[in-house]
Amino acid sequence: MNTKSTETPPVCSYEGSDYQRTFWDSGERAYEDAVEQIALKRLLTKPGKLLLELGAGAGRNTPRYTGFERVVLLDYSRTQLLQARERLGDDPRYLFIAADIYKLPFVDGLFDSATMIRTLHHMAQPGLALASVRRALSQDAQFLLEFANKRNLKSILRYLSGRQKWNPFSPEQVEFAELNFDFHPKTIRRLLKESRFSIEKQLNVSQFRVAWLKRHVPLKALVALDSAWQWTGAFAQYAPSIWTLAEALGASPIPAQGSFFACPACGSALPNVEQSQSCPQCGHYWSYADGIHEFRINPEA
Ligand SMILES: C[S@@+](CC[C@H](N)C(=O)[O-])C[C@H]1O[C@@H](n2cnc3c(N)ncnc32)[C@H](O)[C@@H]1O
């Protein structure tokens, strides 16, 4: 992956990536996909009107959001969104937005639900990202957050046996590849609290993500084991992937009737939902083409 810089923190670019095909559709991660589906179903039990999928990628999880009237797929990569459109078809339930999580193009308080799966992983400034998500949510909204856990059993064993230099118990994030971060659960708890979220539930997911186990234990058995183990996340988080259900605390602005987009450059509400437009306040032009709303401030940077 190459990187891009904007005035906000750098973005890990998936432009032109065939991540969905090589990472998921190849079948090598059937275990991870199955246990993530279980976790998602367990956490997202409350139906809603408008769900924001942050870092939607090629829409792997989107068909799983059956309890929602509309789903907004947001991703920085336009080509990921094109792949998502191809996979999901022209369903009017879905809206496709190219934008940066740090600079969301919506009026405050718009969404009653949001998910962020395998995406915080790319945030150099997770606190900024979570604060941006919180602004887009209404009071009491549900937020499903998945994050990569640096304090997982495998990294602890590697550290204790001297095969890994970084300390899995220390609170700072670890960048194990450029713009790929693992976080300490305590740090994420603190950042969620600072962004006005309260944690309702936590699951340990992908605990058995070990090549040997995946080769020798039948998929069904491994998934059943993971499913039974996920609940231990309520007490201690030692799996590589932690799934958290949080609730937006405190008041949020109530959006004016019919308002939806806000200019990510200057913050003013935008008049149109269905077409290209210039911001009446700062004049920035935002295009709409191939079914995708373009809200990246500097996509060519
Ligand atoms: C590992 S993929 C996960 C895709 C999907 N959530 C899934 O689980 O299959 C991470 C996605 O986050 C997107 N992403 C990374 N940084 C972003 C940012 N700052 N704003 C919006 N999307 C971002 C990438 O383009 C990529 O599609």
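Q: By class, what residues does the shell around the ligand have?
A: In this predicted model, the shell around the ligand is made up of 8 nonpolar, 7 polar and 4 charged residues.

Q: And which of them come nearest?
A: Of the 19 residues around the ligand, those that come nearest are Y14, G55, G57, R60 and Y76.

Q: Switching to confidence, what is the mean pLDDT of the chain?
A: The chain has a mean pLDDT of 95, with 97% of its residues at 70 or more.

Q: What does F68 touch, leaving out residues up to four places away in sequence?
A: F68 touches P47, G48, L51 and S113, and its C-alpha atom is separated by 5.3 Å from that of K49, which is 19 residues apart from F68 along the chain.

Q: Which residues of helix α3 are buried?
A: In α3 (residues 78–88) the buried residues are Q80, L81, Q83 and A84; they are on the same side of α3, because the arc they cover around the axis is only 155°.

Q: What covers them?
A: The cover over the buried residues of α3 includes α1 (19–25), β4, β5 (94–98) and β15 (292–294).

Q: And what comes just after α3?
A: Just after α3 there is G89, which takes a positive phi of about 80°.

Notes:
Residues numbered from 1 in each chain as written. Predicted model: local features only at pLDDT ≥ 70, side-chain atom pairs only at ≥ 80, totals over all residues. Near = placed C-beta within 6 Å. Nonpolar A, V, L, I, M, F, W, Y, C, P; charged D, E, K, R; others polar. pLDDT = per-residue confidence, 0-100. Contact = placed C-beta atoms within 7 Å. Buried ≥ 20, exposed ≤ 12 C-beta atoms within 10 Å, placed from the backbone. Helix = DSSP H or I, 4+ residues; strand = E, 2+ residues; numbered from the N terminus. Arc of directions from axis to C-beta.
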